[in-house]
Amino acid sequence: MGLVCFSTPQLSSNAFCRSTARTLSVVGPFFVPPHVILSRKMEADTRFMQKALAEARAAAAAGEVPIGAVLIHDGEILARSGNRTIRDCDPTAHAEIVVLRQAARLLANYRLADTTLFVTIEPCSMCAGAIIQARVPRLVYGVDDPKGGAVRSCFEMLAHPRLNHQVEVTGGVLAADCAAVIQSFFSERR
């Protein structure tokens, strides 16, 4: 198994990563300077995260907390949304839940095999549970949520060894951009 370093030293599982995470990333046995695109997968991750960011900005324009999500299937966007909790008067209308519901209807299946979910912020416990129930195989998120993240920050729901479904997680994709959207939204309201 390769060594993975994240943008914040606290998330890295290795002492070397924790000491160098701000200047280098480690992928497998390779040390890579920041901002280098390593593969088509990383290029696609960036492209789809930009789509999720567009959804977050649209949510902000509608007065919602700016979180966006995009679900892809076979390399194409199947569903996209921003948060809709205020507009729908629904506390469960987080961007992730909305796209999971849309995709399940489109595929006529509550199991969303062969999909990847892109979200601008680390999912909360409700959304992480929905990801597990929908059997989404891969999650890509932008910025960590130290106050409510259920993937790595507060909880590690998707990595629990007793779960019958494991999710591949990639965090930190366009993290600075994702953080800026959220910080800008809340700074304007203070």
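From the N terminus on, the elements here run β-α-β-β-α-β-β-α-β-α-β-β-α. That makes a tally of five helices and eight strands, where helices (H or I, at least four residues) and strands (E, at least two) are DSSP runs numbered from the N terminus. This is a predicted model, in which local features need pLDDT of at least 70 and side-chain atom pairs count only at pLDDT 80 or more, while totals for chains, interfaces and linings use all residues. Residues are numbered from 1 along each chain as its sequence is written, and side-chain values use heavy atoms, with hydrogens and water left out.

**Overall picture**

- Of the 190 residues in the protein, 41% are buried; buried means under 20% relative accessible area, exposed over 50%, and partly exposed in between (1.4 Å probe, protein chains only).
- Take the contacts (heavy atoms within 4.5 Å) between residues at least 6 apart in sequence: 53% of them join residues at least 24 apart.

**The nonpolar core**

- The largest nonpolar core has 40 residues, and Leu117, Ile131, Leu139 and Leu158 touch the most other members.
- A core of this kind is a set of buried Ala, Val, Leu, Ile, Met, Phe, Trp, Tyr and Cys residues joined through side-chain atoms within 4.5 Å.
- At least two residues of this core come from each of H2, strand E4 (68-73), H3, strand E6 (115-121), H4, strand E7 (138-143) and H5.
- Setting aside residues up to four places away in sequence, Leu117 touches Ala69, Val70, Leu71, Glu96, Val99, Ile131, Val136, Arg138, Leu139 and Val140.

**H2 against H5**

- Two packed helices are described by the angle between their axes and the distance between the axes.
- For helix H2 (residues 40-61) and helix H5 (residues 175-189), the axes come within 10 Å and cross at roughly 10 degrees.
- Axes are lines fitted to C-alpha atoms, for helices over the stretch in contact, and angles run from 0 to 180 degrees between N-to-C directions.
- H2 and H5 are therefore roughly parallel to each other; angles under 35 degrees count as roughly parallel, over 145 as roughly antiparallel, 65 to 115 as roughly perpendicular and the rest as oblique.
- On the H2 side the contact uses Met49, Leu53, Ala56, Arg57 and Ala60, and on the H5 side Asp177, Cys178, Val181, Phe185 and Arg189.
- Sorted by class, the residues of the H2 contact with H5 are seven nonpolar, no polar and three charged.
- The classes work like this: Ala, Val, Leu, Ile, Met, Phe, Trp, Tyr, Cys and Pro count as nonpolar, Asp, Glu, Lys and Arg as charged, and the others, Gly among them, as polar.
- Cys178, in helix H5, counts as buried because its relative accessibility is 1%.
- Leaving aside neighbours within four places in sequence, Cys178 is in contact with Met49, Leu53, Thr120, Gly142, Val143 and Val173.
- The C-alpha atoms of Cys178 and Val119 are separated by 9.2 Å, although these residues sit 59 residues apart along the chain.

- Helix H3 (residues 95-107) packs on helix H4 (residues 125-134) at an angle of about 20 degrees, with the axes 9 Å apart.
- So H3 is roughly parallel to H4.
- The contact is built from Glu96, Ile97 and Leu100 of H3 and Met126, Cys127, Ala130, Ile131 and Ala134 of H4.
- By class, this contact of H3 with H4 has seven nonpolar, no polar and one charged residues.
- Cys127, Ala128, Gly129, Ile131, Ile132 and Ala134 are the buried residues of H4, and they pack against H3, E6 and E7.

**Loops and positive phi**

- Ile86 lies in the loop between strand E5 (76-82) and H3, and counts as exposed at 54% relative accessibility.
- Apart from neighbours within four places in sequence, Ile86 is in contact with Gly63 and Glu64.
- Cys89 is found in the loop between E5 and H3, is exposed with a relative accessible area of 71%, and has a positive phi of about 50 degrees although it is not a glycine.
- Leu174, in the loop between strand E8 (168-170) and H5, has a positive phi near 55 degrees and counts as partly exposed at 21% relative accessibility.
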